[in-house]
Amino acid sequence: MMTVLVTGAAGFIGSHLCERLLEEGHRVVGIDAFMGNYEPGPKRRNAELLAGYSAFELVEIDVRDRDALLATFERIRPTHVVHLAALAGVRPSLTRAAEFIDVNLTGTANVLDACVATNVKRFIFGSSSSVYGDNAKVPFSPDDPVEQPLSPYAATKRSGELLCHTYAHLHELSICCLRFFTVYGPRQRPDLAIAKFMNRMADGEAIPVFGDGSTSRDYTFVLDIVRGVVAALAPSKPFSIYNLGSDQPISLGDLIAAIERATGLKADIERLPMQPGDVKRTWADLAATYRDLDYRPGTTLEDGLAAQWSARQSMIKSE
C-alpha cells in the first residue's frame, strides 16, 4: 500500500485520481486551497465525494504556505506525491502573470522541498501540452525543443519541469513530469471549452468560438489521464517527461458537431478573433509513453462526451 499525497486533490483531475487510488486500496491525503479561476462550489462537491472514503484525508492549505506544507508532510510521511495544484489556463494568465508565477513556481518549489525533507520515493509533476507553444512539427514529442511558450501559464509549466530536473539531479528524487493534453470528462472545470459549451447550449446561449474553427486539440478523457498518472507512480528513470494524450486531434468545428450529437442540442456560435497565447494545434506523440508506461488511451471522443453530458445532467437533477 502506498501513502499518496495529492496536491490539487479537489480539482477536476485530482478528484478522479484520488478516487482511483482509494479504490486500489491506498491511503490518500489531499491538499487543496479551493482557489482558482472559478467559484469553489465544484471543488467542494468533489471533496464531499472523497470524504466518503475512510482512507482519505483532506488538508486545506495553500502550497505557498511553506511551514504548513512541511508540517503536513512530516505528519503524513507520504511515499509518493502527485503535484497537481496550480493556477491553470492560458487566457487568465495573460493578465495575472505574477499570480500564476507565485502559485505555480513558488508552490512547486515548496512541495519539492517538502519531498526532499521527508524522503519521498516518487514525485509526479502535472505539466501541460502548452509547453510546446506553436510547434510546427506534429505530433509533439517530449524530445522536441520547448523554449518558446506563448503564455505565462505555459512558461510556468515549462519552468516547473526545469525545476523538477534540478531537484532530481541534486537530491536523487525520482521525478516524472506528465504533459496533459486538453483533458475533458465528468467534473471538468466550468471555465474549459467543453463544459462551457455544454452549459451554454443547455441554457440556450451562444457559445464563443475563437477563430474559424480550424484550430485542433488532442482531447483526452480524464480517466485515461488517471491511468497514465497511476502508471507513472512506479519509479523507473531518475527523471523523465511523458505526454498523456489521445493521439487523436480534432478540429474545434468537428468538436462542436460532436457535442451537438452527444447533447441533442444545436450550437449557436458567436465568432470571435483568435486570442493571444492560443496555439493552432496540439497532438501528442505517445511512443515513449506506450513503451515505458504501457499507456493506452481507450476512450473515444463520442463516449467521453456522452459520459460528461450524462454526469452534468445527473448533477443538475440532484441539486
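1. Salt bridges. This predicted model holds 21 salt bridges.

2. Glu-147 and Arg-158. Their side chains meet in a salt bridge, at 3.3 Å from N to O. The two residues are 11 apart in the chain. Glu-147 lies in the loop between strand 5 (122–128) and helix 6 (152–171), and Arg-158 lies in helix 6. Glu-147 counts as exposed because its relative accessibility is 55%. Arg-158, at 14%, counts as buried.

3. Arg-179 and Glu-161. Here the N to O distance is 2.8 Å. The bridge links strand 6, which holds Arg-179, to helix 6, which holds Glu-161, across 18 residues. Arg-179 is buried at 1% relative accessibility. Glu-161 is buried too, with a relative accessible area of 1%.

4. A network. Glu-147, Arg-158, Glu-161 and Arg-179 are linked through salt bridges.

5. Arg-189 and Asp-191. This pair also forms a salt bridge, at 2.8 Å from N to O. Arg-189 is buried, with a relative accessible area of 16%. Asp-191 is partly exposed, at 24%.

6. The nonpolar cores. The largest has 39 residues. Val-6, Leu-17, Leu-21 and Phe-180 are among those with the most contacts inside it. Elements giving it two or more residues include strand 1 (3–7), helix 1 (12–23), strand 6 (174–180) and helix 8 (222–232). A second, separate core of 25 residues includes Val-29, Val-59, Phe-123 and Cys-164.

7. Phe-180. Beyond its neighbours within four places in sequence, Phe-180 is in contact with Ile-13, Leu-84, Ile-225, Val-229 and Leu-244, among others. Its contacts also include Gly-126 and Ser-127.

Methods. Residues numbered from 1 in each chain as written. Predicted model: local features only at pLDDT ≥ 70, side-chain atom pairs only at ≥ 80, totals over all residues. Heavy atoms only, no water. Core = buried A, V, L, I, M, F, W, Y, C linked by side-chain atoms within 4.5 Å. Buried < 20%, exposed > 50% of the residue type's maximum accessible area, 1.4 Å probe, protein only. Helix = DSSP H or I, 4+ residues; strand = E, 2+ residues; numbered from the N terminus. Contact = heavy atoms within 4.5 Å. Salt bridge = Lys/Arg side-chain N within 4 Å of Asp/Glu carboxyl O.
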